[in-house]
Amino acid sequence: MKLYEKAPAKINLMLDVLHKRPDGYHEVEMIMTMVDLADRLTITELPGHTIKISSQAGYIPLDDKNLAYQAASKIKERYGIRQGVHIHIDKQIPVAAGLAGGSSDAAAALRGLNRLWKLDIPHEDMMELGASIGSDVPFCITGGTALATGRGERLTPLPSPPDCWVILAKPPINVSTAGVYGRLRADQIKQHPSAAAMQQAIEQQSFEAICSGLGNVLEDVTLSHYPEVQQLKQTMQQLGADGVLMSGSGPTVFGLVSKESKVARIYNGLRGFCHEVYAVRMLT
Ligand SMILES: C[C@@](CO)(OP(=O)(O)O)[C@H](O)COP(=O)(O)OP(=O)(O)OC[C@H]1O[C@@H](n2ccc(N)nc2=O)[C@H](O)[C@@H]1O
Ligand SMILES: Nc1ncnc2c1ncn2[C@@H]1O[C@H](COP(=O)(O)OP(=O)(O)O)[C@@H](O)[C@H]1O
C-alpha cells in the first residue's frame, strides 16, 4: 500500500517570549498559520523493521536525525508495529528557514502512518507524540491557524485569517533555532507583541489590523547577527508589501499582500536580492 501526505510550511504572525523556563525551553505566545508551500511525502510499506527515508534534496539528513524518521520510529515503538516503512520526502520548503519544514514532515509522517497502519491514534496521543519530536510538531499535526503557548505545543484553534498573498524570501544563510533562543535575553525584551490584539484582528477578519499587529521578539536576535535579513525586510517594505515580518527564528522574511496586482512587482524586485522567493497563498 502507498499513500501521500502534504506537509505545509508555517509562518508566525506573532511570536512573543514570556520567560526562560527551568527546563531550558522558553515560554512562548505565538499565532501561527499555514501557507500553500508544501513538502510531499510518499509513504510505502516495507518488509522487515527498516525505516528508510529518501529525498530528492541532497541537503537534509536521511538517517535518524530526520524528523520524519523519528516520527516513524516513535510510532513503531509506541504501538508495537513490526512492519517497515519507506518515506520519500519531495522537499519544497527551504531548510532551517523558520518555516518548520522538518516539523511538518514529522507531523505528516505521523498522520500518514496512523492511516497506513490503521492505528486510530487518539488526538491527545498524537499531540504528545508530536511534542516529543519538537515544539512545533503538534501545530503541524493540526494545521490551520492557532494560538500556541507553553513551549509551543499547547494549542487553541483560531479562525483562518482573511485570504491574502504571502511572499516568502529566504536569504542564503541557515539559522539554528537553538542558537537564536540561546542568544535571546528574555528579561531584556523591549517591546512585546500582543497575542490578544492579533487574535482580535483575526476574529474581526481585519487584514489591516493583522498587518499592524505583526511582531516577533526573535527578530532582534537574528537581525543583529545577519544584517542581510534586516535589508531584506526593508526591501520588501519598500516594494509595497502591506505587512512584513521574519518567521520564527528566521531567516525567512514574509510579506502579506492583499492586492494581486502588487504581487509580481514585489516578487520580481526580491529576485534581484535573493534566489529563494515564493509567492503563495495563505492556507485558509
Ligand atoms: C522558533 C519556532 C517558532 O515557531 O520555529 P522555527 O524558527 O524553528 O521554525 C519554534 O519555537 C521552534 O520550534 P522547534 O523547531 O520545534 O523547536 P524544538 O526542536 O522543540 O527546540 C529546538 C531548540 O530551541 C529552543 N527552544 C525551542 C522552543 C521553545 N519554546 N523554547 C526554546 O528555547 C531549545 O533550545 C531547543 O533545544
Ligand atoms: N525532514 C526534514 N526536513 C528538513 N530538515 C530536517 C528534516 N529532518 C531533520 N532536519 C534537520 O532539522 C534542521 C532544521 O530544519 P527545519 O525544520 O527546516 O528548520 P525550521 O524549523 O527553522 O524551518 C535542519 O538543519 C535539518 O538538518
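Helices here are DSSP runs of H or I of at least four residues, and strands are runs of E of at least two, both numbered from the N terminus. The model is predicted: local features need pLDDT of at least 70 and side-chain atom pairs pLDDT 80 or more, while totals for chains, interfaces and linings use all residues. Residues are numbered from 1 along each chain as its sequence is written, and chains are lettered from A and ligands numbered from 1 in the order in which they are written.

Q: What makes the phi of A96 stand out?
A: Most residues other than glycine have a negative phi. Phi of A96 is near 50 degrees, which is positive, and A96 is not glycine. A96 sits in the loop between β4 (84-90) and α2.

Q: Is A96 buried, exposed or partly exposed, and why?
A: Buried takes 20 or more other C-beta atoms within 10 Å of a residue's own, exposed 12 or fewer, and partly exposed lies in between, with C-beta atoms placed from the backbone. A96 has 19 such neighbours inside 10 Å, so it counts as partly exposed.

Q: Why is A100 called buried?
A: A100 has 30 other C-beta atoms within 10 Å, so it passes the cut-off. A100 also has a positive phi, about 60 degrees, without being a glycine. Its place is the loop between β4 and α2.

Q: Is M126 buried or exposed, and how do you know?
A: M126 has 20 C-beta neighbours inside 10 Å, so it counts as buried. M126 belongs to helix α3 (residues 123-131). Beyond its neighbours within four places in sequence, M126 is in contact (C-beta atoms, placed from the backbone, within 7 Å) with L110, I121 and I141.

Q: What makes the peptide bond between G250 and P251 cis?
A: Its omega is about 5 degrees. Most peptide bonds are trans. P251 lies in the loop between β9 (243-246) and β10 (253-257).

Q: How is the packing of α1 and α2 described?
A: Two packed helices are described by the angle between their axes and the distance between the axes. For α1 and α2 the angle is about 35 degrees and the axes are 7 Å apart. Axes are lines fitted to C-alpha atoms, for helices over the stretch in contact, and angles run from 0 to 180 degrees between N-to-C directions.

Q: Why is ligand 1 said to lie between domain 1 and domain 2?
A: Both domain 1 (2-158) and domain 2 (165-281) give residues to its shell, so ligand 1 lies between them. The bounds come from an automatic or database domain assignment. Of the 20 residues around ligand 1 (C-beta atom, placed from the backbone, within 6 Å), G134, S135, R151, G248 and S249 come nearest.

Q: Which residues come nearest to ligand 2?
A: N66, L67, G101, G102 and D105 come nearest, out of 20 around ligand 2. Helix α2 (101-116) gives the largest share of the shell, four residues. Each of domain 1 and domain 2 supplies at least three.

Technical notes. Two residues are in contact if their C-beta atoms, placed from the backbone, lie within 7 Å.
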